Amino acid sequence: MIKHDFPKIHFYDQDFVDIYDKTWAWIQDCWNNGGSKSGIDGKFFSYPEAQTVYQTDAIFSSFFLVYSNRVYQAHPTLDIFYDRQEANGAIRNAYDVNTGKPVFERDNSEGLGMPLFAWAEYNIYHKSGNKKRVKDVLPILDKYTNWIDASFKKPNGLYKSPLSATGMGNSPRGDAYYAMDFNAMMAVNMLYMSALADILNDKETSFQYKRHYFALKTRINGLMWNAEDGFYYDINKTENHVPIKTIAGFWPLLAEIPNGEKAERIIEKLVDPKCFGTSHPFPSLAVSEKDFDESGRGYRGSVFPHLTFMVIKGLERYQRWDLARECAIRHVYFMLDSMNPDGNHSKGNLWEAYMPMKEGPAKWTGKTSFPRPQYLTYDALSTICLIIENIVGLSISLPRKTVDWVIPNMEIMGVENLSLKNNMITILSNKSGRGWEIQMESEKLYYFTINILNVKEKTLPIPSGKCSILIDKL
């Protein structure tokens with residue numbers, strides 16, 4: 001694949017640029033050609049040579065594939081799941097590549113997965129502007145949500161899901177009956193189902209999902225919030241808290257469930273070294289918990305890039321751009337330093353999970369298959385998405401024709417040849433003889449909002465051609 005097909009990033013640390021470029025090259029190896037005609041045919045994104053395609057791969061990979069300038073499409077892997085929706089609305093968590101049939105786990109007889117399709121589709125819409133796709137997928141996702149409600153919703157308004165549906169394997173969660181993360185994911189689902197309906201101007205569907213969202217938000221705040229500890233917990237069958245702090249307690253930020261005061265109390269724990277403020281952010285289990293393991297041991301302390309991504313996107317919801325960026329930079333540095341013990345970042349692997357206290361892949365005695373090298377479903381969220389969105393700081397919406405840039409400090413950075421559908425744009429900050437300036441190039445008009453150090457903010461129409469903005473003149 002020709003490197004310049006992808007957007008190019010500029011950053012003062014060349015190691016970040018190099019790992020970004022390498023990730024796009026490695027992604028070539030993650031395209032599976034499928035099995036027999038009776039199975040899954042055509043190309044889709046998965047771990048190389050995988051015999052099973054998972055919902056998590058389809059959902060999380062879409063967040064970085066949208067930045068490929070359409071070299072890679074974000075939707076084919078998602079469509080595998082939609083095409084196999086059953087009459088009752090069920091979409092299963094995993095399908096066999098060769099037969100196309102669902103794969104079930106022992107403790108997850110319904111094959112329930114993370115209900116985050118609507119979040120992924122909303123993001124795809126804002127990077128592609130494809131309204132027809134929203135119209136096509138909304139009925140599918142509506143049936144899917146109704147199946148989850150019918151199968152897993154309890155009379156108290158919360159969802160009882162198998163813990164394996166949260167994707168957190170061996171996390172020590174006691175006698176948890178109602179999982180904090182799954183219920184928050186359902187709130188995320190409802191929030192974005194309403195947003196997808198708004199795109200289609202479907203006021204009735206939008207209202208219904210907003211109503212369901214606020215009802216679930218109220219139940220989560222009423223039953224799962226612990227005012228004394230300032231944290232959201234799983235609860236047991238009798239609706240008592242299971243007071244074990246896991247990274248699941250941060251999903252409510254993404255779902256916009258806590259008010260400002262509660263959010264601040266949760267966010268405090270991300271910088272507390274006794275909780276989740278480890279040198280490599282963020283461990284899957286709080287340092288203060290008795291089962292915390294410095295080597296990682298699966299979900300007993302490992303840093304998983306997809307969960308770090310979730311926390312950082314949650315911080316964005318509460319305008320904590322500064323902390324989000326700081327943690328994203330530290331996280332990518334640890335990924336780089338874990339590639340090779342001698343500090344040579346040009347060699348080595350990215351990993352599915354990392355140790356929380358020092359560089360290096362996580363460890364789990366007796367589990368030689370953990371962590372998986374080059375698990376790009378998780379890793380590319382950091383080396384592509386977080387670099388573009390949080391480290392460089394760009395937020396893009398094609399339907400709105402907007403690019404927002406949050407610049408926490410003046411540095412040489414930016415993006416070059418990023419496709420906004422049929423509009424290639426370049427935005428770079430640089431220091432010239434006239435001071436700091438933003439240099440831009442575009443084929444069509446778009447609207448650019450710049451936020452500098454949370455002191456200056458300005459929205460400007462950017463015409464086609466080349467232009468520049470002097471920061472001191474804003």
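I started with the crossing of α1 and α12, which is left-handed (the near helix is turned anticlockwise from the far one by less than a right angle). The model is predicted, with pLDDT of at least 70 needed for local features and 80 or more for side-chain atom pairs, while totals for chains, interfaces and linings use all residues. Numbering runs from 1 along each chain as its sequence is written, and side-chain values use heavy atoms, without hydrogens and water.

**α1 on α12**
I looked up the geometry of residues 14-27 (α1) against residues 376-392 (α12): an angle of about 135 degrees, axes 10 Å apart. Axes are lines fitted to C-alpha atoms over the stretch in contact, and angles run from 0 to 180 degrees between N-to-C directions.
I then listed the contacts (heavy atoms within 4.5 Å). From α1 they include F16, Y20 and W24; from α12, among others, L376, I384 and I391. The contact residues divide into 12 nonpolar, 2 polar and no charged.

**α1 on α11**
Next I took α11, residues 321-337. Its angle to α1 is about 70 degrees, with the axes 11 Å apart. The two are therefore roughly perpendicular.
D15, F16 and I19 of α1 meet I329, V332, Y333 and L336 of α11. I noted 6 nonpolar residues, no polar and 1 charged.

**α6**
Last, I checked α6, residues 180-199. It spans 29 Å from first C-alpha to last, close to the 28 Å expected at 1.5 Å a residue. Of its 20 residues, 18 are buried (under 20% relative accessible area, 1.4 Å probe, protein chains only). Just after α6, N201 has a positive phi of about 60 degrees.

Notes
Helix = DSSP H or I, 4+ residues; strand = E, 2+ residues; numbered from the N terminus. Nonpolar A, V, L, I, M, F, W, Y, C, P; charged D, E, K, R; others polar. Expected span 1.5 Å × (residues − 1). Buried < 20%, exposed > 50% of the residue type's maximum accessible area, 1.4 Å probe, protein only. Parallel < 35°, antiparallel > 145°, perpendicular 65-115°, else oblique.
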